[in-house]
Every structure is written in C-alpha cells, then in structure tokens.
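Please read the notes below alongside the sequence and the model.

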Amino acid sequence: MPYMRLVVGGAYQGKLAFAQSLAGGPAEYLEVADGERDPFEAAFCRDIVYNLHVYIRRICKGEADGAKKEVQAFIHRILHQNSEAIVVCNLLGCGIVPTEAGDRLWRELTGEACQSLAACSAEVYRVICGIPQKLKGKEP
C-alpha cells in the first residue's frame, strides 16, 4: 500500500532534515528532487520531493490559464508514479496577500496542491523551529 508523507512549514524551519530522518536511511543515500534545480521528471522517481512550491512556481511562469491544469497534472503524476515519496513544501498562505496576480495564483495553486497531497498522504507534518508536529496519521 502506498505510504506518501507530506511535510509543510515556513521557510528555513528544518523541513528537509526532518524529511530525511523520516526516510529512515543515511541522507547521502537518499535521492532528492529539488524544485530549485531539478527537472520535473525527477519528482516522479526520487525519495524526497523538496521545494514543491518552487516546482509550482515554475509552472505558474507560463500562461496563467493553463497553470491550474498543469499543476493538477503534476500532482496527479507524483501521487501515481511516486506514491511512497516524502513531499516537502513551504506554506505560502500565512503572510500578506501578494499584489501581483501571478503571485496570488502561485499561492493559491500551492495551497490546492498541498490539500490534494494531504488528502492522499498517510502522514502529514508541520515543522516549526525544527520541531515536527504530526497533523495526520496514526500515533506510534
């Protein structure tokens, strides 16, 4: 049975280190797909999908009309092709509402993507100051 996990939180809060500890193996042996540098295809086959919000930002730089469908398709492929991944994403919805329409779209689509992933994940965590808080999943 697939066992996806989602880790969310603010920037620079220790999400990646926590995701690596969740993966259970030495960090140097884990494959990480990083939205900052890796192609989209990497998100469909690596142990950890890091900076999901940046992958979504890259999609939003295209035409706004098709961005929602492209993000939904991207999330769908992660769910179906990499269902055991640990997905790490910054929370974008807690700050000031952006004035630029493209930034608002990015924020909205990232929130929707996290909702979809959380609904399908076995466990969901929020990390604050390096401290994980389990939001979903059975207690040990």
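1. Tyr12 is found in the loop between β1 (5–9) and α1 (15–23). Helices (H or I, at least four residues) and strands (E, at least two) are DSSP runs, numbered from the N terminus. Tyr12 is not a glycine, yet its phi is positive, at about 60 degrees. With 82% relative accessibility, Tyr12 counts as exposed (over 50% relative accessible area; buried is under 20% and partly exposed is in between, with a 1.4 Å probe and protein chains only).

2. The model is predicted: local features need pLDDT of at least 70, side-chain atom pairs count only at pLDDT 80 or more, and totals for chains, interfaces and linings use all residues. Residues are numbered from 1 along each chain as its sequence is written, and side-chain values use heavy atoms, with hydrogens and water left out.

3. Cys129 lies in the loop between β5 (123–128) and β6 (131–136). Its phi is near 55 degrees, a positive value in a residue other than glycine. Cys129 counts as exposed, at 65% relative accessibility.

4. Five of the five residues of β1 are buried, so the strand is largely enclosed by the rest of the structure. In a regular strand the side chains alternate between the two faces of the sheet. Both faces of β1 are covered, with Arg5, Val7 and Gly9 buried on one side and Leu6 and Val8 buried on the other.

5. Which strands run parallel to β1? Five bridges join β1 to β4 (residues 86–90), in parallel, and five bridges join β1 to β5, also in parallel; two strands pair if DSSP finds at least two bridges between them. Gly9 stands opposite Asn90 in β4 and opposite Val127 in β5.
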